Structure formats: structure tokens, C-alpha cells
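Please keep the structure in view while reading.

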Amino acid sequence: MRQGAFTVSVEGATLSGEVSGEGTPLVLVHGMAGDRHEWDRLLTALPSGRATLRYDLRGFGQSEAREGAAFSHADDLLALLDAQGIARAPLLGLSMGGGVALNFALDHPERVSRLILVSPAMVGWEWSDEWKALWREVAAPAREGNLALARDRWFAHPMFAALRRDPAAAEDLRRGIEAYHGRQWIRDWQRDELPDVDRLHTLAMPCLLLTGTLDVPDIRLIADVIEGAAPDARRIDFADAGHMLHLERTDEVARAVEAFLG
């Protein structure tokens, strides 16, 4: 595994990322409308000796994607690990990235030593009508070419209500949203997949589930289902915290991650 920035060619895309530290890295998967720099604050709170690999998902940040090419984020992650010579590693995913990490762990359990999910989504989840309405409020202006309004509405999403109370954390989120090009609000070429909820009972590795008591109902319900169905899941539910725990409770999340990884 080479240190520093890298690119990996996968079918229909080029993934961009970076590796730091020696040994098997903690692989980090960012959320929707973010990129690998979403982890900057958390990485400063982890021990300096912790090896990490973070990358931009297909179509996000500096990772390029060919329009019209159907794909799976889990397939991309498999190709990335193969290219980096990583046989097995711990995996940390946030929000949408948590859904990607969970999907990958279910597809390739032999490649994941430990799984950490922060406010995760889930592949194939049946979202509530309220969630869908909030998504349409963001997607509609994006599809009409008004990305400024789409970004404003995403920043105002109830998921981020707790974070917006902290000016510094809110500024981090706002900066990331302003850098986001908005393509996934307009059209997402991910392949349809069967719901992961039906195979949670097969999750083979220890799982740490980090959630906030103030998160939105859909994300809270996903966490409840994972906690109840996964064979070896430990949950830490942060009081008076919302969706973006890596920004809201950075030091506490870093300590929980490090204790879990041992």
C-alpha cells in the first residue's frame, strides 16, 4: 500500500483518495453531498499512529464518473481495496457512506474486520413520505439549474438541525455543501439492489453503531433495525446530538472508534 494521494480506475469511473500511516488502514466512506475532506476534523482527533484511507465516492469530490454508467459503490470499494493491496480492513461509513459500508460488509464479509456505522442509511431502505418530500425539495431546484437554492435547502435539512447550533461545525458543513456539484440530486446512476434489511442477520463482523438522539426518524429507525438484527452490534446513542456526529461530537466519536478498534 502506497502512502499519499492515489487514483484508482474502476469500470466507468476514476476514484481519488489518500492514504496515511503505516499498516492496515481504517477505511472511511463519506456521506451524501460530501467528499473525503468531510473527515478532516475526525482525523485530527484520532491517534497520530492510526493508519487511514479515505476516498471520494464515484461522482463526488475529485472522483470522476461517466454519465449513464450503472454502478455499485460497493463494487467500487472492492476494486479500490484490491488496487491498494488491502485484503481485510476495518470500515467506517457515515450516513449514505454508512449504507455503502454496510452493503459492502454484507457482500464481502471476508474483507471487513470491524464495521463502524455513524448515522447510517441503508441500501434498499423504504424511506418515509416525509423523507421523500424533503428530498424532492432539494432535487427540484437542482434539476431546474438553481443549485444555490438546492444547497440552501440541503443545509436547512432537519438532519443538520443539531449541528447548526455549533457555528464552527455548521461552517464546516456549509463549506462542504458549497463545494458539492449537485449531480446526485439531479440523477444517480446507482444500480437498484435488493434491500439489505433482509440480510442483516448475516452480518459477520463486530459492528459499532453511533447515533444521535436528535437525528431524524428515518435514520433513527434504520439504527434500531440494525441494532436489533445484527448478531454483534454495539450501539452508542449520543444524547442531545444529531446526524453529523463526527462534527458535533468529534472527540467522543474518536475515542469510541479507537476503543472499538483496540
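Helix H4 (residues 129-143) and helix H5 (residues 147-155) have axes that come within 7 Å and cross at roughly 165 degrees. Helices here are DSSP runs of H or I with at least four residues, strands are runs of E with at least two, and both are numbered from the N terminus. Axes are lines fitted to C-alpha atoms, for helices over the stretch in contact, and angles run from 0 to 180 degrees between N-to-C directions. The crossing angle makes H4 roughly antiparallel to H5; angles over 145 degrees count as roughly antiparallel, under 35 as roughly parallel, 65 to 115 as roughly perpendicular and the rest as oblique. H4 passes H5 in a left-handed crossing, a term for a near helix turned anticlockwise from the far one by less than a right angle, whereas clockwise is right-handed. On the H4 side, Trp135, Glu137, Val138, Pro141 and Ala142 meet Leu147, Leu149, Ala150, Arg153 and Trp154 of H5, where contact means heavy atoms within 4.5 Å. This contact of H4 with H5 has 8 nonpolar, no polar and 2 charged residues. In this classification Ala, Val, Leu, Ile, Met, Phe, Trp, Tyr, Cys and Pro are nonpolar, Asp, Glu, Lys and Arg are charged, and the others, Gly among them, are polar.

H5 also packs against helix H6 (residues 167-179), the two axes coming within 10 Å and crossing at roughly 150 degrees. H5 and H6 are therefore roughly antiparallel to each other, and H5 passes H6 in a right-handed crossing. Arg151, Asp152, Trp154 and Phe155 of H5 make this contact with Ala170, Leu173, Arg174, Ile177 and Glu178 of H6. By class, the residues of the H5 contact with H6 are 5 nonpolar, no polar and 4 charged.

Helix H2 (residues 73-83) and helix H3 (residues 96-107) pack at about 70 degrees, with axes 9 Å apart. H2 and H3 are therefore roughly perpendicular to each other, and their crossing is right-handed. From H2, His73, Ala74, Leu77, Leu78 and Leu81 meet Val100, Asn103, Phe104 and Asp107 in H3. The contact of H2 with H3 divides into 6 nonpolar, 2 polar and 1 charged.

Leu77, Leu81 and Phe104 are also among the residues lining the largest cavity, together with Val27, Ala89, Pro90, Leu91, Arg111 and Val112. A search of the whole structure finds 1 cavity of 30 Å³ or more, and the largest cavity has a volume of about 30 Å³. On a 1 Å grid over the protein atoms alone, a cavity is a set of points where a 1.4 Å probe fits but cannot get out; a pocket is an open set with protein on both sides within 12 Å along at least five of seven lines, and lining residues have an atom within 4 Å of a point. Grid points are joined across faces, edges and corners, and a volume is the space filled by probe spheres set on the points. H2 and strand S6 (89-94) each give two or more residues to the cavity lining, with the largest share, 3 residues, coming from S6. The lining of the largest cavity has 8 nonpolar, no polar and 1 charged residues.

The second largest pocket holds about 180 Å³ of space. Among its 14 lining residues, Gly59, Ala65, Glu67, Gln184 and Trp189 are the closest to its centre. Strand S5 (64-65) and helix H7 (183-186) are the elements that give two or more residues to this lining. The lining of the second largest pocket divides into 4 nonpolar, 3 polar and 7 charged residues.

Residues are numbered from 1 along each chain as its sequence is written, and side-chain values use heavy atoms, with hydrogens and water left out. In this predicted model, local features need pLDDT of at least 70 and side-chain atom pairs count only at pLDDT 80 or more, while totals for chains, interfaces and linings use all residues.
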